[in-house]
Amino acid sequence: MAAATSSSSISISTKPSHSSSKSPLPISRFSLPFRLNPNKSSSSSRRHGIKSRSISISAVLNSTTNVKTTTPPSKSTGKKKFISRFAPDQPRKGADILVEALERQGVETVFAYPGGASMEIHQALTRSSSIRNVLPRHEQGGVFAAEGYARSSGKPGICIATSGPGATNLVSGLADALLDSVPLVAITGQVPRRMIGTDAFQETPIVEVTRSITKHNYLVMDVEDIPRIIKEAFFLATSGRPGPVLVDVPKDIQQQLAIPNWEQSMRLPGYMSRMPKPPEDSHLEQIVRLISESKKPVLYVGGGCLNSSEELCRFVELTGIPVASTLMGLGSYPCTDELSLHMLGMHGTVYANYSVEHSDLLLAFGVRFDDRVTGKLEAFASRAKIVHIDIDSAEIGKNKTPHVSVCGDVKLALQGMNKVLENRGKELKLDFGVWRNELNEQKQKFPLSFKTFGEAIPPQYAIQLLDELTDGKAIISTGVGQHQMWAAQFYKYRKPRQWLSSGGLGAMGFGLPAAIGASVANPDAIVVDIDGDGSFMMNVQELATIRVENLPVKILLLNNQHLGMVMQWEDRFYKANRAHTYLGNPAQEDEIFPNMLQFAAACGIPAARVTKKANLREAIQTMLDTPGPYLLDVICPHQEHVLPMIPSGGTFNDVITEGDGRTKY
């Protein structure tokens, strides 16, 4: 990845000679619907032998003949006027234009790994006084770190990679960001324009590869387009339903000299026309009426509510409706509040799933009726009228048909409903006390619990202690598997953006680099990566980044020597037949393998191992009190199961609440 691509001669651009283009896009939920000119083909289309009627969306976006839309006037924010380090008429490299475009977007941190096709960008980054590069040790670590930065701060994360394998190493992160609606801008180097399509060294058509796992992407074919494309990329990544945008920049474009025009307008007419409008008062009043008529309402809130936590809390205060959260929505409503039902779904609480099963009104805000929440769709909330509010029109009615739907910003919808409730509160006289008492009985009957066996450390207990010792204020990242579900269940999130986890994609190796991004974005916060031994080893190289950057990331490693979640399914559904889920050394099963403490020692990070429950509190406190990074290897029994559990495709009646790997099924 670090091998240099041959450079091209430097030239000064005076006027556009190419249009930025890519191959045709199928219309999807993130496509931008433009009317295409069948008589005009892009240079890229001609080069690849594509018929002119198949002009790509990106080609239309970037065509010099495209009709412009006026950029919406920005409100005065009191920010200082941007001062460029270049004179207005001074030619500079495309890479410098790219970096300045990032600076103008307010970017302060990027996660970039250099290579031959992106080294011009890295050279330009060294000339920037305002952008810090946190150097990951693998491009996947870089994109996951950018995600951790974005998820914990709400600002777009930026990662940069070279062409070929560098770009393809971003794929998992881009797919993850799309599924979890994370604002991300990924910039990749590409081989020079004249070499595209020739199978050149380290060439991959990354625009083609990532077409279906990005919200949008660009292949820059004209240096003059860089200011506009970067402006559009950030707008697309952060507006509507957030998501990842990729910008692929050929090396000769990076090297070409040009004088940038920073006043270019965005060209997104189709996208702008489809932007959700503010919700209509009549729809919001209809929802309030349904609430007043219901006896057993429940809120089902997801990641779409992370930016409207204040409005959601006010809505619950005004209505007294209990709240069940998805994995992505944890923290949008405080888990410590008496009206919180915690998480619903496959590994959700019994009482959260009970509330949906017996509700007569399901208020689904910022959710997508994911299969891990619904189980068997026909049986999910079968007794309830469903109200669905979401910013993405493609999600409404996709899996479950609602009785009332609002396509718009949940924040605006909640503000509108709160206004109605404040004005009509006395008239409505909402009282769901009987329903809440019924759910409280379920809470007492089926609390989240675990068993202790001798001196062994229950992993759930480790997370409970961490919650207690951090007062529930830490930012938690996780890998994927049993430890992820226990972290969702037993850490009580008080605020949004405390919980960082790969939800839709379920990407192992997410936790450690995500913690890096969160620590960079929140330097004064306690950041803890609750990880499993399998997930941790997938990006263990990022310990080097943590040490070099001196990031105070704490790693609580729940080490059971197995691929825990797969092993749990083996126990339940495959008669405990082990099919390559043991991660230790079969020749020495009585030893912990690999020795995680030596990974930490290799990177100069203090570490300790704890094997007995009686020593755990002191060990976690030591981890928290130690300045800088720290790894605590917590040895747990592998027989533990994540409970409750509703088997895939099951219903509430199929819920499993007892048993572990010590029992035969």
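Strands S6 and S7 run parallel and are joined by four bridges. Strands and helices here are DSSP runs numbered from the N terminus, a strand (E) having at least two residues and a helix (H or I) at least four. Within this pair, Tyr218 stands opposite Val247 in S7. The model is a predicted one, in which local features need pLDDT of at least 70 and side-chain atom pairs count only at pLDDT 80 or more, while totals for chains, interfaces and linings use all residues. Residues are numbered from 1 along each chain as its sequence is written, and side-chain values use heavy atoms, with hydrogens and water left out.

S6 and S7 belong to an open sheet of six strands with parallel pairing, in the order S3-S2-S4-S5-S7-S6. Its edges are strand S3 (132-133) and strand S6 (216-219); each has a single partner strand, so one side of each is left without a neighbour in the sheet. Two strands count as paired if DSSP finds at least two bridges between them. Strands of a sheet pair through backbone hydrogen bonds, either parallel or antiparallel.

Strand S7 contains Val249. This residue counts as buried because its relative accessibility is 1%; buried means under 20% relative accessible area, exposed over 50%, and partly exposed in between (1.4 Å probe, protein chains only). Leaving aside residues up to four places away in sequence, Val249 touches Ile187, Thr188, Gly189, Gln190, Val220 and Gln254, where contact means heavy atoms within 4.5 Å.

Helix H9 (residues 226-238) lies across strand S4 (157-161), S5, S6 and S7, and runs at about 160 degrees to S7. Axes are lines fitted to C-alpha atoms, for helices over the stretch in contact, and angles run from 0 to 180 degrees between N-to-C directions. In helix H7 (residues 171-179), the buried residues are Gly173, Leu174, Ala175, Asp176, Ala177 and Leu178. Their cover includes helix H5 (139-153), strand S5 (184-190) and strand S7 (244-250). After H7 comes Ser181, with a positive phi near 55 degrees.

Another open sheet of six strands, also with parallel pairing, has the order S11-S10-S9-S12-S13-S14. Strand S11 (340-343) and strand S14 (404-407) are its edge strands, each pairing on one side only. On average, neighbouring strands of this sheet are turned by 15 degrees against each other, direction ignored. Strand S13 (residues 385-390) runs parallel to S14 and is joined to S14 by four bridges. His388 stands opposite Ser405 in S14.
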